[in-house]
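Have the coordinates open as you read.

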Amino acid sequence: MILRIPQMLTADDIAHMRERLAKASWVDGRVTAGHQGAKVKANLQIAEDSQDARELGAIVSHALERNALFLSAALPRHVYPPLFNKYEPGMTFGTHIDGAIRQIGQQRIRTDISATLFLNPPEDYDGGELLIEDTYGAHSVKLPAGDMVLYPATSLHRVTPVTRGARIASFFWVQSLVKDDSERSLLFDLDRAIVELGQTVPGDSAAMLRLTASYHNLVRKWTGM
Ligand code: NI
């Protein structure tokens with residue numbers, strides 16, 4: 001499932017983050033790439049252990065915690081501390097797969113879902129599309145500032161070269177309570193349908209109770225913990 005989550009951040013959050021990012025120090029993006037990724041990656045990142053990354057990452061993490069669409073779609077178990085990247089003219093990230101395991105201190109997390117949160121508007125730059133491959137081909141994603149895309153970390157993907165301006169984004173991974181993308185998609189559809197039905201059908205109706213029970217019992221069945 002490739003899912004757009006609109007307006008993850010408020011305009012105030014974005015303005016504050018962009019001001020901080022303009023003053024931040026950027027390093028070669030290959031620091032977080034694996035062996036294959038490093039060969040095709042050419043961008044800039046904020047150092048993972050910098051104060052800027054920690055404080056700006058916390059803003060993103062808080063926004064994630066209160067976003068119903070994200071929680072329903074990702075069923076997060078662990079969220080990797082959000083990172084920040086920038087592509088200037090000539091920069092690109094060729095086709096790659098994100099590493100399956102990432103380390104946070106002593107903890108290892110499995111990357112089930114990849115996320116990109118766009119921090120500046122598409123008018124600011126040319127190129128810089130995120131192309132995500134699935135069985136139907138490549139999907140091109142370039143979103144307004146504050147919007148986020150979630151996609152299965154199992155997908156090959158790339159960022160096309162930026163030819164004008166700069167593309168600034170936050171990116172991170174999620175280990176989900178439900179490892180399998182198709183199971184997560186079913187749960188997400190079911191949850192959304194229950195929420196929608198709840199606007200007209202009383203929550204204590206027998207059918208609604210059974211549907212809600214089915215949702216929770218499927219979560220019980222499919223959570224790998
Ligand atoms: Ni990637």
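## Ground rules

A donor here is an N, O or S atom within 2.8 Å of the metal (3.2 Å for Na, K and Ca), and since water is not among the atoms, sites may look incomplete. The model is predicted, so local features need pLDDT of at least 70 and side-chain atom pairs count only at pLDDT 80 or more, while totals for chains, interfaces and linings use all residues. Residues are numbered from 1 along each chain as its sequence is written, and side-chain values use heavy atoms, with hydrogens and water left out.

## The nickel site

Three protein donors sit 2.1 Å from the nickel ion: His-96 through NE2, Asp-98 through OD and His-157 through NE2. Along the chain they follow the spacing H-x1-D-x58-H. Asp-98 and His-157 link distant parts of the chain, 59 residues apart. Asp-98 is in the loop between β7 (92-96) and β8 (101-104), whereas His-157 belongs to strand β15 (residues 157-159). Those labels come from DSSP runs numbered from the N terminus: helices are H or I with at least four residues, strands are E with at least two.

Are these two residues buried or exposed? Asp-98 has a relative accessible area of 13% and His-157 one of 4%, so both count as buried (under 20% relative accessible area; exposed is over 50%, partly exposed in between, with a 1.4 Å probe and protein chains only).

Strand β14 (residues 148-152) is largely enclosed by the rest of the structure, because five of its five residues are buried. Met-148, Leu-150 and Pro-152 point one way from the strand, and Val-149 and Tyr-151 point the other way.

## Two positive phi values

Gln-7 is a residue other than glycine with a positive phi, near 45°. Its place is the loop between β1 and α1 (11-23), and at 66% relative accessibility Gln-7 counts as exposed.

Leu-75 also has a positive phi, near 40°, and lies in the loop between α4 (68-74) and β5 (76-79). With 11% relative accessibility, Leu-75 counts as buried.
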